[in-house]
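Try each task before reading its solution.

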Amino acid sequence: MTSAPAAPAHLTPAAAFDALYARHAHDLTRQAIVLTGLPHLSQEAVERSFQAAWQRWPEIAVDPDPAGRVRAMVHEYALSPWHRMRPNLRAGQRPSPRVPAAPPANPPQRALRDAVLSLPAVYRRALLLHDGLGLDLSETAAEVEASTAATAGRLLHARRALAERVPAFGLAAETPVRQREILRERLAGLAALYPVAPPAAGAVRTGGERTVSRMTQGAFGLTAVIAAATAFTLVNEAAGPLPGRPEAGPPAVSASPTPGAKAREPRTEQAKHARTGQHAAAGGPVRRNVVRSGLLAPEAR
């Protein structure tokens with residue numbers, strides 16, 4: 001679980017990548033298993049992280065610590081909370097040729113594994129980097145993107161929790177320096193329990209290139225769909241609105257009424273005609289009733 005120097009500068013990009021992968025893929029897979037307890041997820045985290053590194057190889061190759069860059073990507077991928085929503089994650093833990101089953105652990109190792117996995121993810125990562133890999137406090141804080149004080153607090157709480165849950169290690173009675181030495185040895189033994197068989201570096205590079213090709217094709221396809229939709233909209237706007245159905249007007253009045261049906265007139269007109277007919281029959285003029293303060297108007301008298 002230690003870092004190795006970077007590859008010589010005279011190597012081709014593919015050869016330099018393959019050398020980096022060959023030196024660190026096994027250890028990074030075991031580190032991810034210690035962090036998650038999930039061998040298949042750990043293998044996936046290593047492959048995806050190295051594929052991302054190959055896609056950005058001109059930037060990774062000139063980094064002062066390319067192994068550290070890839071390690072940070074592996075840890076972040078393995079501890080990502082969105083993996084909890086994957087329904088097939090537990091089923092994916094079955095042993096396979098690429099991820100063999102771990103041998104039976106003794107009781108202290110099982111207790112340490114369970115105790116580490118019970119810690120919050122940020123505590124696990126700080127403990128693995130500082131006590132397991134030997135990074136100093138400032139380097140650990142920089143990699144986990146936290147302040148030095150926060151990282152020191154996480155380490156303190158993680159060691160205290162392990163001392164309570166695994167009393168066989170005797171951490172409670174030791175100094176912080178001795179606690180770090182004990183945990184480094186114990187974590188290295190825990191990681192060594194898991195035999196791993198990462199795929200060849202060339203397969204990882206090829207898989208990353210296929211992923212980039214699919215993403216590029218998908219981007220071109222999406223661009224074509226958007227362009228076609230935009231052109232269709234512009235053509236329709238230039239042609240004007242489509243003709244719609246004519247609005248329904250008032251019903252036509254039939255010249256010949258339906259037999260048996262009487263033409264209806266407004267009620268006021270019917271009343272007016274009725275009064276006119278009555279006065280005409282009586283031989284008198286038609287009078288208008290005009291009311292003024294309760295009295296008839298002079299012309300109506």
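The exercises below concern a predicted model.

**Exercise 1.** Find which residues of the largest nonpolar core touch the most other members, and which element gives the largest share.

*Solution.* Start with the core itself: it has 26 residues, and V34, L112, L127, L162 and L171 touch the most other members. Next, look at where the members come from: α1 (13–36), α5 (107–118), α6 (121–132), α8 (148–165) and α9 (176–192) each give two or more residues. The largest share, five residues, comes from α9. Then zoom in on L112: setting aside residues up to four places away in sequence, L112 touches L162, V166, F169, R186, L187 and L190. Finally, look apart from this core, where there is another one of 24 residues, including L28, I60, M73 and Y77.

**Exercise 2.** Decide whether S42 is buried or exposed, and find what its side chain reaches.

*Solution.* First locate S42 in helix α2 (residues 39–55). Its relative accessible area is 0%, so S42 is buried. Now follow the side chain of S42, which reaches the backbone nitrogen of I33 at 3.1 Å. Beyond neighbours within four places in sequence, the contacts of S42 are T29, A32, I33 and T36.

How values were computed
Residues are numbered from 1 along each chain as its sequence is written. This is a predicted model: local features need pLDDT of at least 70, side-chain atom pairs count only at pLDDT 80 or more; totals for chains, interfaces and linings use all residues. Side-chain values use heavy atoms; hydrogens and water are left out. A nonpolar core is a set of buried Ala, Val, Leu, Ile, Met, Phe, Trp, Tyr and Cys residues joined through side-chain atoms within 4.5 Å. Buried means under 20% relative accessible area, exposed over 50%, partly exposed in between (1.4 Å probe, protein chains only). Helices (H or I, at least four residues) and strands (E, at least two) are DSSP runs, numbered from the N terminus. Contact means heavy atoms within 4.5 Å. A polar contact is a pair of N or O atoms within 3.5 Å; within protein, one must be able to donate a hydrogen and the other to accept it, and residues adjacent in sequence count only if both atoms are side-chain atoms.
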